[in-house]
Amino acid sequence: MHHIDRKTIFFVLAVVISLLIGLSSLADAEIYSSVFWHILWILIGAGLIFGIIKGRLWHNCPAFILHLSFLCMIAGGFCTSTLSQRGTLHLHPHQTAESFTTADGRSARLPSSVTLLSFAPEYYPGMNFPKDFRTVLKTESGDTMRISMNHIGRLGNHRFYQTSYDDMGGTVLTVSHDPAGIAVTYTGFILFALSGILMLLTRFRKSRSAKRCPTACIVLYLAFSGTGNASAVPAVDPDLADSLASRQVLFNGKTMSFAGFADRLTYKLTGRANVAKLSPEAFIASLIKYKEEWSNVRMIKVKGNTLKDSLGIKGEYASIADLYDENGTYLPERIYRGGKGALDKDILALDEKVALLIDLWEGNLFTPLSSDSEILRSDFSIKAEILYYRINPVRILFICALLIVALIILSEITGTDLHIFTATAATGTAGIIAYLWLWYISGSIPLSNTSDLMEFVGICMILLSGVAAWRKESPLLVALGMAAASFLLLVALLGMKDPVLSPVMPVLASPWLSVHVSLVMLAYSVLGFTLPVSVTALIVSSGRERLTTLSVALLAPGIFLLGLGIITGAMWANVSWGRYWAWDPKETWSLVTLLLYSIPLHRYFGMRRLPIFCCLYLIFAFLSIIMTYFGVNYLPSLHAYN
């Protein structure tokens, strides 16, 4: 009994410490420099050392290296917090500096003086939105140092990062001096990657029963919004609209077809695929040609009942005329409270739509490209883009996922084999093609907004549900997996109704984006798939132990992928901002997710021998994924996906 009680105490302590780390994101930033915080991490480090000694982990090479990697990361964090220097260097053209200002307001010397030779923002083609910032410094030895977003300048052990600029041609650089912290922490990163590879190879040799499967939330919802009040709207010649579809335009620094531009802008303004039975090209062309007529048509989607009531808007839509009084005063501006609360959020969303519409009418939103332009795309890629928006593959995948769920139910009712695996495999293949198709027409891996991310995870869910069908797992598991896939694809579809039309921030124009985000989303897929597996195990008692074993088997690859995702994110942050960890809520809860899902892997707790408890715990752990992805949007986070 004493042995069991001790296990329970350690288990509860592990969960509580994980949650305390997560709850720190709700506290003031000062908590991360407090004595309590340092004591907490000393206890975690001591626990790791105790685990290594108690479990004699030097006999288990992957586990020993894994625990050693965590110790290195904790030690590196202590080195950074106690030994590093970080500050700001503000220079104007031809100005020389021999020191920088630290975070506490003190002056710290540089290894040698530096002089600003030049600073210039680089803009997206045809826009005044910065794509990058480029600083050129000259060192005391006469060498030239070039610094830009995601490109570090180095002077000895001091690193320079592009942070900001002023309106007088000056540049603002972050200066960081942390050789010990980075060296120790990066050693931990390398050891983690090595331990994960060794662990997965060992598990693969021991058992072939582990399956990689993705994430889920078991909710089905489908809502089709009604039509706005767009009767008697001015139309253009359908032949003219069709001829415009393949014309190439420059929008947000990217070359695209007019059809692709019109599709996204129509969704942004109205939340619908078309208005008054006009195609997107015909709608946008009509908007441009008949400005006065459209000013009185209620076609701008307005969110938030409070905002609608404040503006006197009935229904879901407003016209431009509804948003101005007789004196030309913009009505939403009167009720704006400085950016706080849901009302202001809805006002800002409305402002974006109004600004886009005004830019369109003033001829500033896009630039038509001539036939001899150097940035024209090939005819094939333009046709591929038009076809993608015409077909809308995400909607087809969503419908197919729902149909497979219905097919599984019908198969169970009738007792006949309806080739579930064939259906899931075909849908998964179509999903891969659709995603590669989107990648091709967008010119970069589509992982920069919620809609793209949900499409990515939804396709992963379809593929790995297909693996479950191939392995002849419980039909309920396959059904739950496909139901989750349909939910994720529905979120992607709803996201398409409010697309992100602003160009990406300079820091996101980095190859780290695709590596970091894809690893993290794959990890959430694998770890999240333990939810439908655990739910199935609780419902289907006959296969509970086997399904519990499957859930636990998913944890190792999921944690490894999440760990690599966190590490690549830290390395990206170190390249962009000069620090590999900032206790941002997204970072903090990613760490909590990793800790919570790693607990069942410890044989000391014996959770594999308690199937019901293990399944309930994994259902609870899924809440950390929800918090990591959605919950942090309500906290002041650099990673908020809104």
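Tutor: Let us begin with burial: buried residues make up 51% of the 642 residues in the chain. The model is a predicted one, in which local features need pLDDT of at least 70 and side-chain atom pairs count only at pLDDT 80 or more, while totals for chains, interfaces and linings use all residues. Residues are numbered from 1 along each chain as its sequence is written, and side-chain values use heavy atoms, with hydrogens and water left out.

Student: What makes a residue buried?

Tutor: A residue is buried under 20% relative accessible area, exposed over 50%, and partly exposed in between, with a 1.4 Å probe and protein chains only. By that definition, 51% of the 642 residues are buried.

Student: How do you know that the span of helix H16 is close to the expected one?

Tutor: The expected span is 1.5 Å times one less than the number of residues. H16 (residues 475-496) has 22 residues, and the 31 Å from its first C-alpha to its last is close to the expected 32 Å. H16 is also mostly covered, since 16 of its 22 residues are buried.

Student: Why are strands E2 and E3 said to pair?

Tutor: Two strands pair if DSSP finds at least two bridges between them. Five bridges join E2 (residues 96-102) to E3 (residues 107-123), so this antiparallel couple meets the definition. Phe100 stands opposite Ala108 in E3. E2 and E3 form a hairpin with four residues between them, and Gly105 in the turn has a positive phi of about 90°. E3 also pairs with E4 (residues 130-139) in the antiparallel sense, over nine bridges.

Student: What makes E10 and E13 edge strands?

Tutor: Three strands form an open, antiparallel sheet in the order E10-E9-E13. E10 (254-257) and E13 (367-368) each have a single partner strand, so one side of each is left without a neighbour in the sheet. Four bridges join E9 (residues 248-251) to E10, and Phe251 stands opposite Lys254 in E10.

Conventions. Helix = DSSP H or I, 4+ residues; strand = E, 2+ residues; numbered from the N terminus.
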